[in-house]
Amino acid sequence: MVNKFGSLSLQGKSIGKLTFAGRNLVGANADVAVAMLNVNNTLNTENVTPQAGFDFSIAFGTPLKLIDAKIIAGTARSNQRNGARVATKTGTLLPMSDTSTDSLPEEDYDAVFVSGKDKTVHGRVRSADAFGSHDLVLFRVTPNYKTDNRGEVVRDDYDEPMISNYQFNFIQQSKSGDVSNDDNIVRILVDPAESERLQAGLKPGDKLVPQGLKFAFAGNDATDWTVYADTLVALDEKVDDKSTSHQSKITTNQSNKTKE
């Protein structure tokens, strides 16, 4: 399966201000208790499967914080036979007065979790849980065409099919020896204009580093996740950028010491 990632670490505080709204039952058999949380004092809610022993009897509106959260592929209550899955959030819910924090450092949450055609952001996630950004080897680029509500390809005034985005297909280099495992394939979608600019000099085997990653949950029989990127940068360019930045810091520090 393409883009089959077990889970993504989610930064709870990036979701927004969370207050307790009540208890709900979810899952294939409606036997999983989750905490319903209002977000940012709006009617928007998030369902979170909390830690064992969580007190569901707390008062409505109690402020809570979510730490060590994850987004995983859960079982859909409907359409199960077609292999449909849903994004399920789990984590530890604590009073705001508790001093506990995420186990991961803040800078590890380097991507965003989005939904809908407008890619509405719902929080920050850790891309390294999905794949290593420096581990991707390109093997194919193909267009995705726009379709109408009947599934027909939309065409422009010149009767050419309109392209929604391009899918950049990668093998994870560290797992490339396991050729029988489709789960090693990573597919990243890039907007048409940026894709066409990038493709001019690309060839199979190029190592590219995605920039501006966004993850959306698909949960169908082909893929669990859709991954978007603002652009892709050659691995050697990315390394050179870091090297240049590091050298710049050293030069600045040396200059400051000289002035002193």
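## Overall make-up

Two helices and 15 strands make up the secondary structure of the protein chain. Keep in mind as you look around that this is a predicted model. The chain has 260 residues, and 34% of them count as buried.

Its accessible surface comes to about 15000 Å², with 48% of that belonging to carbon and sulfur atoms. Among contacts with a separation of 6 or more, 60% join residues 24 or more positions apart.

## The nonpolar cores

Let's look inside next. The largest nonpolar core holds 38 residues, and F131, F170, I188 and F215 have the most contacts inside it. Strand β5, residues 63-75, gives this core its largest share, four residues. Apart from it lies another core, of five residues, including V112, L189, A216 and Y228. As a general point, nonpolar side chains in soluble globular proteins tend to be buried together.

Leaving out residues up to four places away in sequence, F170 touches L136, V137, L138, F139, N184, I185, V186, I188, L208 and L232.

## Helix α1 and its two sides

Helix α1 spans residues 192-199, and E194, S195 and L198 are buried in it. These three lie on the same side of α1, because they cover an arc of only 100° around the axis. On the other side of α1, you will find A193 and R197 exposed. An α-helix has 3.6 residues a turn, so residues three or four places apart point the same way.

What lies over the buried residues of α1? The cover includes β10 (163-172), β11 (185-190) and β15 (231-234).

Is Q167 buried or exposed? Q167 counts as buried because its relative accessible area is 12%, below the 20% cut-off.

Setting aside neighbours within four places in sequence, Q167 is in contact with R140, V141, T142 and N144, as well as R187, I188 and L189. I188 also belongs to the residues with the most contacts inside the largest core, while L189 is in the five-residue core.

## P63 in strand β5

P63 sits in strand β5. With a relative accessible area of 40%, P63 is partly exposed.

Which residues does P63 touch? Not counting those up to four places away in sequence, they are L18, T19, P95 and M96. Along the chain, P63 and L94 are 31 residues apart, and their C-alpha atoms are separated by 8.8 Å.

Notes. Residues numbered from 1 in each chain as written. Predicted model: local features only at pLDDT ≥ 70, side-chain atom pairs only at ≥ 80, totals over all residues. Heavy atoms only, no water. Buried < 20%, exposed > 50% of the residue type's maximum accessible area, 1.4 Å probe, protein only. Arc of directions from axis to C-beta. Contact = heavy atoms within 4.5 Å. Core = buried A, V, L, I, M, F, W, Y, C linked by side-chain atoms within 4.5 Å. Areas by Shrake-Rupley, 256 points an atom, 1.4 Å probe, with all protein chains shown as cover.
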